[in-house]
Amino acid sequence: MSLARVDSLVKKLDLKPHPEGGYFSEYYRSKEVLKCPPERFHGEHVFKTSIYYLLQQGNVSMFHRLKQDELWHHYTGSSVVIHILDPEYGYQQLILGCALEDCQAEYQILVEQNVWFAAEVKDKSHFSLVGCTTSPGFDFSDWELANTEHLAREFPEQEALISRIMLST
């Protein structure tokens, strides 16, 4: 992993630490506002937001969930492993990355609303720069960080994964 490359991206994109792990900066926030978003949201929301999100060696995106769908896009670096815990479908592992270099990877991954998910760099010695787009637009009131014990009770077959991800930051 090139620390100089990561430092350059952090500076160029004005990335800041994210509460769930990794680094982010908002790239786009639409000017239009939904006056009456679906009931699951608190108050008005913009139509759409997008962020840059960087994970580097030792970073993870801890298990969390959103009230809206989130579309992940791969830009550069290692593939990203996205772990999804869905009450209806159980555990899913998706690989976001350059499909030309990693035959398991997809250039874009959709994480549906209200599922628990986490992410980590596939090549632990590297970094990954991705983008995340939500609609309606993201507001921190839409975001919930998982409680490790509660999540492990809900998905006991994934207790080791949950503990590893939630305790690695």
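Let's start inside the fold: Trp72 is buried, and Phe117 is buried too, where buried means under 20% relative accessible area, exposed means over 50% and partly exposed lies in between (1.4 Å probe, protein chains only). Before going on, please keep in mind that this is a predicted model, in which local features need pLDDT of at least 70 and side-chain atom pairs count only at pLDDT 80 or more, while totals for chains, interfaces and linings use all residues. Residues are numbered from 1 along each chain as its sequence is written, and side-chain values use heavy atoms, with hydrogens and water left out.

Now for the whole chain. Its secondary structure comes to three helices and 13 strands; these are DSSP runs numbered from the N terminus, with helices (H or I) of at least four residues and strands (E) of at least two. The radius of gyration is 16 Å, close to the 15 Å that the globule rule gives for 169 residues, so the chain is as compact as a globular protein of that length. That radius is taken over C-alpha atoms, and the globule rule is 2.2 Å times the number of residues to the power 0.38. The C-alpha trace spans about 45 × 40 × 30 Å along its principal axes, and 49% of the 169 residues count as buried.

Next, the strands. Strands of a sheet pair through backbone hydrogen bonds, either parallel or antiparallel. Here, two strands pair if DSSP finds at least two bridges between them.

With Phe117 it forms an edge-to-face aromatic pair, 6.2 Å centre to centre and with 80° between the planes. For such pairs, rings of Phe, Tyr and Trp (its six-membered ring) must have centres within 6.5 Å; planes under 30 degrees apart count as stacked, over 60 as edge-to-face and the rest as tilted. This pair links distant parts of the chain, since Trp72 sits in S7 and Phe117 in S11 (residues 116-121), 45 residues apart.

What surrounds S11? Six of its six residues are buried, so S11 is largely enclosed by the rest of the structure. Both of its faces are covered: Trp116, Ala118 and Glu120 are buried on one side, and Phe117, Ala119 and Val121 on the other. S11 pairs in the antiparallel sense with S6 (residues 60-66) over three bridges, and with S8 (residues 80-86) over six bridges. Val60 has Glu120 as its bridge partner in S11, while Val80 has Val121.

Back to the aromatic rings: the count comes to six aromatic pairs. Tyr52 and Tyr75 form one that is edge-to-face, at 5.9 Å centre to centre and 65° between the planes. It joins S5 (residues 49-55), which holds Tyr52, to S7 (residues 70-77), which holds Tyr75, 23 residues apart. Tyr75 counts as partly exposed, at 44% relative accessibility. Tyr27, Tyr52 and Tyr75 form one aromatic cluster.

Where is there open space? Rolling a probe the size of a water molecule over the atoms shows where empty space is left. The largest pocket holds about 240 Å³ of space. It is lined by 19 residues, of which His18, Phe24, Ile51, Glu70 and Phe138 lie nearest its centre. (On a 1 Å grid over the protein atoms alone, a pocket is an open set of points where a 1.4 Å probe fits, with protein on both sides within 12 Å along at least five of seven lines; lining residues have an atom within 4 Å of a point. Grid points are joined across faces, edges and corners, and the volume is the space filled by probe spheres set on the points.) S5 gives the largest share of this lining, four residues.

Finally, some backbone details. Most residues other than glycine have a negative phi, and most peptide bonds are trans. Ser135 and Pro136 are joined by a cis peptide bond, with omega about -5°, and Pro136 lies in the loop between S12 and S13 (143-145). Asn114, which is not a glycine, has a positive phi of about 65° and is placed in the loop between S10 and S11.
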